[in-house]
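We will go from stop to stop, selecting as we go.

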Amino acid sequence: LFDMKIKGDISGLDELEERISDTFFSKLIEIGRDAVRFAQHNGEYKNHTFNLRNAPGFCVVKDGKIIHLEIGDDGGHPEALKNTENILIYSEKPQDGLYLADGMPYASFVETKGYDVLGNSIFYAKRQINKKIY
């Protein structure tokens, strides 16, 4: 066996690691915004109150903390905004990453009836993550 010692300058590695991390989480924020827009423009349901269209939102979690939270509300649907915000803030987030939600209580019911509310946006976000990050 050889006992080899390698000398080198590793200064700057922490900075590089931080820049890579910042880029990764910035991309997740971009993908979250795109996924919310996708949900708003591609929902297959009749939009009577516009609450479902204004409720999609996302958050990005880093080191167990929300670093970005955004709801697609147009400013005129406070119930949709509050419901989604509450889900994103108070739901369990077991790992770092992107979380999508639609806080209207009937969103999952509408999905079970065969209408897309957020389901296709989740697939869209996964595809974008694979395309833009991995």
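Is Tyr 124 buried or exposed? Select Tyr 124: its relative accessible area is 17%, so Tyr 124 is buried, because buried means under 20%. Keep in mind that this is a predicted model.

**Its partner**

Zoom out to see what the pair links. Phe 38 belongs to helix α1 (residues 13–42) and Tyr 124 to helix α5 (residues 119–132), 86 residues apart. Phe 38 has 22% relative accessibility, so Phe 38 counts as partly exposed.

**The other pair**

The structure holds two aromatic pairs. For the other, select Phe 24 and Phe 25. Their ring centres lie 4.9 Å apart with planes at 85 degrees, so the pair is edge-to-face. Check each ring. Phe 24 is partly exposed, at 27% relative accessibility. Phe 25 is buried, at 8% relative accessible area.

**Along α1**

Next, colour its buried residues, among them Phe 25, Leu 28, Ile 29 and Gly 32. An α-helix has 3.6 residues a turn, so residues three or four places apart point the same way. What do the buried residues of α1 pack against? Show α2 (51–54), β1 (56–62), β2 (65–71), β3 (97–102) and α5.

**Last stop**

Select Tyr 45 and Arg 53. Arg 53 sits over the face of Tyr 45, 4.5 Å from the ring centre.

Conventions:
Residues are numbered from 1 along each chain as its sequence is written. This is a predicted model: local features need pLDDT of at least 70, side-chain atom pairs count only at pLDDT 80 or more; totals for chains, interfaces and linings use all residues. Side-chain values use heavy atoms; hydrogens and water are left out. Rings of Phe, Tyr and Trp (its six-membered ring) pair if their centres lie within 6.5 Å; planes under 30 degrees apart count as stacked, over 60 as edge-to-face and the rest as tilted. Buried means under 20% relative accessible area, exposed over 50%, partly exposed in between (1.4 Å probe, protein chains only). Helices (H or I, at least four residues) and strands (E, at least two) are DSSP runs, numbered from the N terminus. A charge sits over a ring if NZ of Lys or CZ of Arg is within 6 Å of the ring centre and within 35 degrees of the ring normal. Contact means heavy atoms within 4.5 Å.
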